[in-house]
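Biologist: I have just opened this model and would like to learn how to read it. Could you walk me through a few features, one at a time?

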Amino acid sequence: MNARLIAFLLLWPMAALGQGFAGLGTDATGFAIPAPDPVFDFPADHGPHPDYRIEWWYVTANLAGPDGTDYGVQWTLFRSALAPGEGEGWTSPQVWFAHAAVTTPGAHHVAERFARGGIGQAGVTAQPFDAWIDDWQMTGETLDKVTLTASGTEFRYDLRLAAQGPLVFHGDRGFSAKSAEGQASYYYSQPFYRVEGVLDLPDGPVPVTGEAWLDREYSSQPLSSTQSGWDWFSLSFDTGDKLMGFRLRQTDGSAYTSATWIGADGATQAYGDGALIAEPLQDAEVAGREIPVTWRVTLPDRDIDVTVEALNPEAWMAVSIPYWEGPVRVGGSHAGRGYLEMTGYE
Amino acid sequence: MTRAVLQALAAHWRRNPLQFFTFLAGLALATALWSGVQAINAEARASYDAAAATLGEGRFDQLVPRAGDSFPQDTYVTLRRAGWQVSPVVEGSLRTDTGRVRIVGLDPLTTPGALSPVGGARDIDLNSFLTVGVLFADAATADRLAGLPQEVVRDPSVAPDTALTDVGVAQRLLDRQGRLSRLIVAPDQPLGLPPLDEVAPGLTRVAAQSGSDVGQLTGSFHLNLTAFGLLSFAVGIFIVHGTIGLVFEQRRGMVRTLRTLGVPLRRLIVLMTVELLLLSLLAGGIGVVLGYFVAALLLPDVAATLEGLYGAQVSGGLQLRPVWWLSGLAIAVLGAGMAGAGSLWRIARMPILASARPRAWAMAAGRGRWLQGGAAVLLLAVAAGIALADAGLIATFALLGCLLIGGALALPLILGAVLALGQSRAKGVIGGWFWADTRQQLPGLSLALMALLLAMAANLGVSTMVSSFRLTFIDFLDQRLFADTYVRGIDSERMAGIQAFLQERGATVLPLLRVDSRLAGVPAELMGARIGPAYEDNWVFVDARPDAWAQVAAGEAVIVNEQLARRAGLWLDDRLDLGGGLRLPVAGVYGDYGNPLGQAVISEARFAGVFPDETPRQFGVLGLDPEDLRSVLGDAFDLPPGSVVDQSSVKAFSLAVFERTFTVTAALNVLTLAVAGFAILMSLLTLSAIRLPQLAPVWAMGLTRGTLARVELIRALVLAALTALLALPLGLALAWVLLAMVNVQAFGWRLPMYLFPLDYARLGLLTLLAAALAALWPALRMARTPVSQLLRVFANER
């Protein structure tokens, strides 16, 4: 009984892929809708927005060990509202879940957590900043200086993150369009974290240093119903400049792209649909599906023409709603590192 | 050739339809009782499993409170925040118009198990389940929950009388906001987990394999049933053994003829084995069908017993489960094999030209007698050894086995000795012949008499146990239920109001606080009582300090029931952890019959210190007339019916539960005795057929057929009476083992043994009556044997 009950409850509105990946294209009735010309209020906006249907605190980090081995770390806390607003105790319609991963050139460790809102098992406070689910935590006096911890059955990490630059805003001052029909989200980042800490892996602890990138995004219907998934890049070049770009795949085979050029000083330039071009170069069979793990990414306006290659093609996130997410190496016109996320590959 | 042999084998049965019937009926009856009991056990276990599966009890470890029946929800959050992957469960019973429904609340997000989305088509979304509230229950339970505001979805896989819902919804339904009953531990835990003691010292981990509490509690009950099933089977096997022995003896001539005609011995043995196998499968099949009816007949009572005694829900419908019908067939084949192996072995070793004349059974008995005597002495010695060693429950059942089989084996020897004595004292020719002939017949009847001895001893032992239990229990109820009236099952606010109301009117109010808990690791109830003279005057201790009540009243000690004391190995002055940091020495151990749970009593004040949120769920009232009280309270507080109960109703209810508990035992008892009666009838019938050559000369010497028939009848009565006399000490020994050993180990209380001579006399008379009835038909046949048939005996003489 139990297994069946749980299974169907967890189907959620989520797995309805006809409605875009993970249900992100479902109708947003009753929820707040992102509007152009946002006015952010920090630090309050680092906290949750329960009137919006979906929200995330998304950290990816490119790290290196003392011997120069590359590592990738992911820490993501999702908030998914079954209904707008908050409720008391167990009646809260807010559902929290989180994914954590450590990627090495030869292995990929994943863990997942679920929690109900309203009882203290998971949540986010803006001041002092604290985002948590179970023992996974991103916490600090302010968002600029936080510790980041998570653990799974075969890994654990404890990292200190210190911001070296300002917050950056994507799209039109943080209003990030996702389709020609007007779907959009509020989207800002802190891409300038310096990181040091320790990874506990099956072979023992590894001290690491590197950089991390936090994405904050909230919306109620971020995808159009004709969009089946996305390919998202966050690239940090050796010059100190950075590039965020995504390609939303339409069910008819076309794509909607968007990009933000981030200078080493934090100055940004947003690019609308078509400016960024991302083409799959090579597929790999991962978890029984064909997934492009090598890409050519070009942004002609900035003379960018790079090859993006997965550090470990097997970076499959085998969680309730599975997807691919892992660290990448960048070569070509610009060299660097970054993260790649690919969703909706069936 | 095979065909010819098969025809010869079948011809034997055609010529002896009575033997055929005896064999089939004996084995079928034995199998029926055995598989009936197994069916009941299987049904009950399936119900427990369904309940356990609902909660993942069987598959996952659990964290349960060390004491009390719940803990704060914050403990759950603290554990999760420390990394522990646990999932909350709150459970309790919800009162409906048609009885109680067990509500189980869980959190679908954290429950371990299948988290992967598999096709599910029901249109209940997570939002409804989590916030609005949806319950899942089987159809019958769903109907009972129709009055709730929440939607109830019918799901046949939910355990009976149970409804599943979200933890938050369950907390609201049960009025237990912010409380949880237990936590399910996910099998995969993250690295670097802090120890449970540091994070949640109030919880303790229970391993998945240890099974559900219900399973533990009811285990002994099912073991009792199984033992009874085995006993019935053993009685049946005695019949089968007797029949098979006779069949093979009578076939010796046929075997010799077939072998001299050239049939290889090996083929003959194989064919006879196959014959035995097929017959036992046939008999087993009939037995399983009969067993189904036995089980269907008894199951409602068993279900009622389990519910009343242990609170375990067992569905009343019986299903054909492979477990029990296969075991029924297997035990039929095994039993027939055991009974036939010796005979087949003798046939295999018989010299080809050995005399084909059926050896009289008496001849075979000569050498075997010493062997049998030795075995009986050995078994009884083992039984005594186990009794002295006082080992566990299984060993005690082994003791029962040794005692009964040892006693049965000793029976023919003792009867033989008594008959020899009778013969030496006999006066006159007919008397001498009577005793001698009875001795001569003893080997042929001994198996049936052994079956009778077993059945009688079991009957005697069990009825002594039940009657002793009843006397003790009634006595105990009189002591325990000393208040005139009991008020219960009302919300806490009105409870407080009623208490004040009664105290103003000068009544003595004795509130009883109670939580389900675990004490010393065993399921138990912790009670808080307002100690007063009423307790001191009425409760009887098994063992206690002289000032036990004063110490309890002062909050310096705890008293525990005998069950808890024995299970947890506690006795006077040992300290018991009561939860909430409270540890008190044991000042007394009291008898608490009929309660499967451990129990501890502390003072009202101490209880309030540990469980400040608990309010009395019932209280007793002294000094007011129950009828007046009911009408006064009913008017003043608008109480639901059944919330004010007078002492005699409570007693009647308790006794009803008690009686129901032993309905099944009584039914099995009667069935076993019936099987034994059948055994005697069949043995006498078989013997009467082959005894003609022995009786004909006596008739020829002048005894009439009528006299011979009367002598046959008297013989049966004498043998039954002697057996009944011997069954008395065996039955009393059995009763002692049940009262002093099985009860202590299975239920946790030792009962005083009472004797019931009138009951024994009645049972003896019944046995004599049964034996007389069984002997009547063969005797009548004797009386009506045509003279020509008696004469033919001499004509045929070789």
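Modeller: Gladly! Keep in mind that this is a predicted model. Let us begin with a sheet in chain B: it is open, has eight strands in the order β6-β5-β7-β4-β3-β9-β1-β10, and its pairing is mixed.

Biologist: Which strands of chain B stand at the edges?

Modeller: Those are β6 (151-154) and β10 (203-206) of chain B. Each has a single partner strand, so one side of each is left without a neighbour in the sheet. From one strand to the next, the twist averages 30 degrees.

Biologist: And how do strands pair in a sheet?

Modeller: In general, they pair through backbone hydrogen bonds, either parallel or antiparallel. For a case here, take β5 (residues 134-137) and β7 (residues 162-166) of chain B, which pair in the antiparallel sense over two bridges. A137(B) stands opposite A163(B) in β7(B).

Biologist: Which strands does helix α3 of chain B lie across?

Modeller: Helix α3 (residues 73-81) of chain B lies across β1 (62-65), β3 (86-96), β9 (182-185) and β10 of chain B, and runs at about 160 degrees to β3(B). Helix α6 (residues 167-174) of chain B lies across β3, β4 (99-106), β5 and β7 of chain B, at about 35 degrees to β3(B).

Biologist: Now for helices against helices. How do the axes of α13(B) and α14 of chain B cross?

Modeller: Look at the distance, then the angle. The axes of α13(B) and helix α14 (residues 429-480) of chain B come within 9 Å and cross at roughly 160 degrees. An angle over 145 degrees counts as roughly antiparallel, which is why α13(B) is roughly antiparallel to α14(B). The contact between α13(B) and α14(B) involves 16 nonpolar, seven polar and one charged residue. Among them are L404(B) and L411(B) of α13(B), and W435(B) and R439(B) of α14(B).

Biologist: What about α13(B) and α24 of chain B?

Modeller: Helix α13 (residues 393-425) and helix α24 (residues 705-746) of chain B have axes that come within 10 Å and cross at roughly 165 degrees. That makes α13(B) roughly antiparallel to α24(B). Their contact has 22 nonpolar, four polar and no charged residues.

Terms used: Residues are numbered from 1 along each chain as its sequence is written. Chains are lettered from A and ligands numbered from 1 in the order in which they are written. This is a predicted model: local features need pLDDT of at least 70, side-chain atom pairs count only at pLDDT 80 or more; totals for chains, interfaces and linings use all residues. Side-chain values use heavy atoms; hydrogens and water are left out. Axes are lines fitted to C-alpha atoms, for helices over the stretch in contact, and angles run from 0 to 180 degrees between N-to-C directions. Helices (H or I, at least four residues) and strands (E, at least two) are DSSP runs, numbered from the N terminus. Angles under 35 degrees count as roughly parallel, over 145 as roughly antiparallel, 65 to 115 as roughly perpendicular and the rest as oblique. Ala, Val, Leu, Ile, Met, Phe, Trp, Tyr, Cys and Pro count as nonpolar, Asp, Glu, Lys and Arg as charged, and the others, Gly among them, as polar. Contact means heavy atoms within 4.5 Å. Two strands pair if DSSP finds at least two bridges between them.
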